[in-house]
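Here are my notes for you, point by point. Keep the picture open while you read.

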Amino acid sequence: MSNYTITLQEGIDWTTNFRNQNPNSVKAYKIDQAEINEILAQAGAAGIRAYMGIDNSGNEKLVMVAVDASGNDILNNVYDHTLPCPNHCDNNSVLCTGQ
């Protein structure tokens, strides 16, 4: 197992806890590979930071930026091309349903 993974049961438990404590919140975001690749292709990018946000219409958003090796945000480009769940859910996933 990678240093970056958790067990499936931990994922189920954590996502279930979040849904139970935030019943009206976005459950997840689908992020396209092209968006991740574009963020990481920026000069100096060593990772990605995701901020929770709410747009002017009251919709929850995931705002993403590249991060350099020192952990500083690279603010040349700010991204949100994520697709929220609900509407873009995998309703067959135990991470979405808890079952």
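1. How do E2 and E3 pair, and over how many bridges? They pair in the antiparallel sense over eight bridges. Two strands count as paired if DSSP finds at least two bridges between them. The strands (E, at least two residues) and helices (H or I, at least four) are DSSP runs numbered from the N terminus.

2. Before going on, a word on what you're looking at: this is a predicted model, where local features need pLDDT of at least 70, side-chain atom pairs count only at pLDDT 80 or more, and totals for chains, interfaces and linings use all residues. Residues are numbered from 1 along each chain as its sequence is written, and side-chain values use heavy atoms, with hydrogens and water left out.

3. Now the sheet itself. It's an open one of three strands in the order E2-E3-E4, with antiparallel pairing. Strand E2 (47-54) and E4 are at the edges with a single partner strand each, so one side of each has no neighbour in the sheet. From one strand to the next, the twist averages 35 degrees (axes are lines fitted to C-alpha atoms, and angles run from 0 to 180 degrees between N-to-C directions).

4. Look at a few residues across the strands. Isoleucine 48 sits opposite alanine 66 in E3. E3 and E4 pair over three bridges, again antiparallel, and methionine 64 has tyrosine 79 in E4 as its bridge partner. Five residues lie between the strands in the hairpin of E3 and E4, where glycine 71 takes a positive phi near 90 degrees.

5. Next, the largest nonpolar core: Val26, Tyr29, Ile39, Leu62, Met64, Ala66, Ile74 and Tyr79, eight residues in all. Such a core is a set of buried Ala, Val, Leu, Ile, Met, Phe, Trp, Tyr and Cys residues joined through side-chain atoms within 4.5 Å, and buried means under 20% relative accessible area (1.4 Å probe, protein chains only). Strand E3 (60-67) and strand E4 (73-79) are the elements that give two or more residues to this core, and E3 has the largest share, three residues.

6. Pick out isoleucine 74. Leaving aside neighbours within four places in sequence, isoleucine 74 is in contact (heavy atoms within 4.5 Å) with residues including Gln42, Ala45, Val65 and Asp68.

7. Last, check the peptide bond between cysteine 85 and proline 86: it's cis, with omega about 5 degrees. Proline 86 is in the loop between strand E5 (83-85) and helix H3 (94-97).

Key. Buried < 20%, exposed > 50% of the residue type's maximum accessible area, 1.4 Å probe, protein only.
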